[in-house]
Amino acid sequence: MKIEQIYTNCLSQGTYYIESNGEVAIIDPLREVQPYIDKAKENDATIKYIFETHFHADFVSGHITLAEKTGATIVYGPTAVTNFKTHIAKDLESFKVGAIEIIALHTPGHTMESTTYLLKDENGEDHAIFSGDTLFIGDVGRPDLAQKGKITQEDLAGYLYDSLRTKIMTLSDDVIVYPAHGAGSACGKHLSKETVSTIGNQKRDNYALREDMTKEEFVKEVTNGLLPPPEYFPLNVKLNKEGYDSIDSILARGTKALSVQEFEYIAEKHQALLLDVRHQSDFIEGFIPQSIFIGLNGSFAPWVGALIRDTKQPILLITPEGKEEETITRLARVGFDNVLGYLKGSFENWKREGKAFDTLRSVSATYLEKALKDKAIVFDVRKPGEYDSDHITNVQNTPLDYLNDYFNVFPNATDFYIHCAGGYRSVIAASILKSRGFHNVIDVAGGYKAIKETNIERELEVRYVLNVSIKS
């Protein structure tokens, strides 16, 4: 038996390759499926099943394409309804993969069809669960994404409480936990950086699995402090339910090298968004006017999904040379399929043609320290939790995730500064602001990490959480 976790850092997502006696099961595949096919071929194995833990909201799964290319059966849990051929598993239904067995445990709560897959080894012993978004390391799935009709997030949280306690916490402590996501995913609140654990460790460490926790306490804790989900989530669910174009056709459409003249023509004809994915330091030094920066070196796809509201928006790319296919693939993972081409020769070609370009003002934290003495206006684009724990005194939090909702708070004429934690997100924010006419924005290089090295006055919020269990 072979189990391989294939982890994609950009999406904080885990796909699983399981092989036994020449048969393979894939759990929650990404949209680009050729690596799974190649891996099975190298091992002289056949992909038999594609198990989906639920209808994913944060990425477009590769289940349909993988099934078309391999003939494997797509398996969803009870209550799932799709527009393509699928096996809808019954609760506790068993599937043979070589000498092992995979059992579908219906665990509604994150979504109604959410299913955890229990793997029994060659000896029939419980070995591992693939918990999807039902159980994370240190957290559980948010219960607000699948509200429908009269079903509220509180209802879903109640179902999740029951699922965890009747299907998962009853398993042996040594059973391995393989979740769908780790830290950085918007599918939970406090996910660990660890991507593998055990039932026993989660009973001990995961707040949501406390044995003395009542359903009312659970519902309150898992629904408290939920931020609005990214706007691309519903589209991804729709694509995962109804189908989508193959990644091959998307790459064929998008990997068109365009001259400067062709690039300008298509941009105007289709009102295309110009997306610059180079490193932030390169963008600062020069970029095509009206282009938006979201760099490949960060959490690229989730930021695209959070900030570009229309997934059907025509997109033209400015990429580092040789990164065109990677960029299109990573966009397709979150349902942005309408790439019309890329600038041949990247930004350097734009400059060689003598085209006008813009730059971004960027200053050091030391410069900001001096500017604050003259009452400089500063905005912090980190997440609310980061801001709450430590921030510059009297600075407003305008989280990048929701920047589109804050345009009315930025001054139109007076210079203002923005910072994030390290310099990536603030350049994204600055590029968006400049495209909206805020040419008075100034980036703080190095972000809050650099700011903490200065004498800039800061406010720290210290929170103490004490959980005490007293037994007589």
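The lining of the largest pocket comprises 18 nonpolar, 12 polar and 13 charged residues. This is a predicted model, and the volume of that pocket is about 1,400 Å³. A second pocket, next in size, has a volume of about 500 Å³.

**Largest pocket**
- The lining consists of 43 residues, and those closest to the centre of the pocket are Ser185, Lys189, Leu227, Lys383 and Asp401.
- Three helices each supply at least two lining residues: helix 10 (300-307), helix 14 (384-389) and helix 15 (424-435).
- Helix 14 gives the most to this lining, with 5 residues.

**Second largest pocket**
- This pocket is lined by 26 residues.
- Nearest its centre lie Leu145, Ala146, Lys148, Val237 and Lys241.
- By class, the lining of the second largest pocket holds 14 nonpolar, 6 polar and 6 charged residues.

- Strands of a sheet pair through backbone hydrogen bonds, in either a parallel or an antiparallel sense.
- Between strand 13 and strand 17 (residues 339-343), the parallel pairing runs over 2 bridges.
- Opposite Leu258 stands Leu343, which belongs to strand 17.

Conventions: Residues numbered from 1 in each chain as written. Predicted model: local features only at pLDDT ≥ 70, side-chain atom pairs only at ≥ 80, totals over all residues. Heavy atoms only, no water. 1 Å grid on protein atoms, 1.4 Å probe; cavity = no way out; pocket = protein on both sides within 12 Å on 5 of 7 lines; lining within 4 Å. Points joined across faces, edges and corners; volume = space filled by probe spheres on them. Helix = DSSP H or I, 4+ residues; strand = E, 2+ residues; numbered from the N terminus. Nonpolar A, V, L, I, M, F, W, Y, C, P; charged D, E, K, R; others polar. Pairing = 2+ DSSP bridges.
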